Amino acid sequence: MQVVIERVAKTFHDRRGRDVVALGQVDFAVESREFVALLGPSGCGKSTLLGIIAGLLPASAGRVYFEGEPRPGRAPVTATVFQEFALFPWRTVRANVEFGLEELGISGLERAERARHYLDMTGLGGFEGKYPHQLSGGMRQRVGIARALAVEPAVLLLDEPFSALDAQTRTLMMDELLAIWERTRQTILYVTHNIQEAVFMADRVIVLSRRPGEVLEIVPIKLPRPRRESQQGDPVFVQTADRIWGLIKSQAQAALLDDEIVAERGP
Amino acid sequence: MAVERLVVVDRTAFLRRPDYRAVRVLALLGLVLAWELVTRTGWVSSLFLPSPSGVLAEGLDMVRSGQLFVHLLRSLERLAWGFGIGALAGVGVGVGVGFFALADAVVQPIIAATFPIPKIALLPLLILWLGIGEASKVAVVALGVFFPMAINTYAGVRQADPLLIRAAVSFGAGRWSLIRKVILPSALPMVFAGLKLGAGIALLLLVAAEQIAADAGIGFLILQSGNLMETTRLMVGIVVLSLLGVASYWALGALERAVIRWRHT
């Protein structure tokens, strides 16, 4: 099933009643079983767009829809992996993973079975009974990923999932996410501001401009799969990353200055 | 050339706060001992301040004759009903007002206007409405417990992490599911703080109500003993109240630790 983002725009109203255009007009589609990265400088509205796709934020214009052969007996759902993990501290690892399944009305037995499956897939076997505060950051985000995979969403949304982790853990987690994707071919929309991350993992990289966010270019990544860390030295990898950096460098610089001005004016 | 060596010392030593466990026990024992001494030497007449040993003996006597239990049971019964009703209503109202904007708009000003009324001042009115029996005393305790519970629960609900709320909604949680699975657990620490506050207030109002209109209960026991100049019996009542306060605080703490297992530490 593909996800279509059709002419989606978002305007916020700030406290003084002025309009702030976060998203200009965004058009793209994520094909079934595709790994798409959404890349842009800070403040380009990529998290806003993800919120709209997840149904957590109303769009000011345009719409998001799923298209394709319906899966029998259930509506297509999205599932989000949050940057700050957003695990329920009062639930054990297993209960966190079962949360989405409870809301789908899935019976206890099947819930336990599905949770078991995805806990094993994400390397959380043996941690089912722990509470989130007993886990390291990397393990917590595994719970976040397992919780999202468990609902078997039409599209899995990841909002800078590894940016709260240290560099070594991030590299390992990226490898593991890719391995999971190779096995499941789960449709993924992955938001990041890290070019290497986007090029390393995605089939296509959608480059967004600075506020108001608009699609600058959609860059296909022609690296063979399965991807290996060693490919980061590959000329194709380096050229693609350079090209994307060329696209957003001036934008990022402008965003930097912009942020400073905002900070000066701040309360 | 002379070489100087300056060793770095820990400059935070004076900030340390040791537990002094033995001192805690000794302080309490010391107080009782001093009290006993003051009364034994006849410094203070036992009519005004009976000795701790005398109070203990009188207490044991009252336990043996069953008198103490009669009063204690009546008080506990009123406490249980009043505390239970007030706490439940407080949590219910707190969650409703915290979650639903309309309920907030309706109830918040009403609570703001009624909260400052000293609840004991309502006892005569409650007696008019509910009669001189148990209901009016239970009602005054319930009212006293209701306000801190409602206000604390409300604060707890408002403090629920918006990120967790978003996460729950993104996984399909509706209104009731969200309240049950995210809002209530988020508010639990504040609810327990309210329960501890409410327990103290309940005891205070109970004794006051029993001293105004009752024929049994710890409050009645204290008032009656005072009127008859039976200071030892009076002190037994006061010690029982102190024990009740300590016991309820301890029990609520134990309950909190059992319910909130996910806490750090």
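Mentor: Let's take the sheet, then the chain contact, then a core and a helix.

Mentor: This is a predicted model: local features need pLDDT of at least 70, side-chain atom pairs count only at pLDDT 80 or more, and totals for chains, interfaces and linings use all residues. Residues are numbered from 1 along each chain as its sequence is written, while chains are lettered from A and ligands numbered from 1 in the order in which they are written.

Trainee: In what order do the 6 strands of the open sheet in chain A run?
Mentor: The order is β5-β6-β7-β3-β8-β9, with mixed pairing. Strands here are DSSP runs (E, at least two residues), and helices are runs of H or I with at least four, numbered from the N terminus. Two strands pair if DSSP finds at least two bridges between them.

Trainee: Which strands stand at the edges?
Mentor: β5 (78-81) and β9 (215-220) of chain A. Each has a single partner strand, so one side of each is left without a neighbour in the sheet.

Trainee: And how do β3 and β7 of chain A run, parallel or antiparallel?
Mentor: Parallel, with 5 bridges joining residues 35-39 to residues 188-192. A:F35 stands opposite A:I188 in β7(A).

Trainee: What does helix α1 of chain A lie across?
Mentor: Helix α1 (residues 46-54) lies across β3, β5, β6, β7 and β8 of chain A.

Trainee: New topic. How many residues does each chain put into the contact?
Mentor: Chain B gives 14 and chain A gives 18. Residues are in contact if their C-beta atoms, placed from the backbone, lie within 7 Å. On chain B's side, α7(B) gives the most, with 6 residues.

Trainee: Back to packing. Which residues have the most contacts inside the largest nonpolar core?
Mentor: A:Y190 and A:V205, in a core of 126 residues. Such a core is a set of buried Ala, Val, Leu, Ile, Met, Phe, Trp, Tyr and Cys residues joined through C-beta atoms within 7 Å. Buried means 20 or more other C-beta atoms within 10 Å of the residue's own.

Trainee: Why does this core lie between domain 1 and domain 2 of chain A?
Mentor: Because both domains give residues to this core. Domain bounds come from an automatic or database domain assignment.

Trainee: What does A:Y190 touch?
Mentor: Its contacts include A:F35, A:L158 and A:M201, not counting residues up to four places away in sequence.

Trainee: Last one: which residues of α9 in chain B are buried?
Mentor: B:I218, B:G219, B:F220, B:L221 and B:I222. Their cover includes α3, α8 and α10 of chain B.

Note on methods: Contact = placed C-beta atoms within 7 Å. Axes fitted to C-alpha atoms, helices over the stretch in contact; angles between N-to-C directions. Buried ≥ 20, exposed ≤ 12 C-beta atoms within 10 Å, placed from the backbone.
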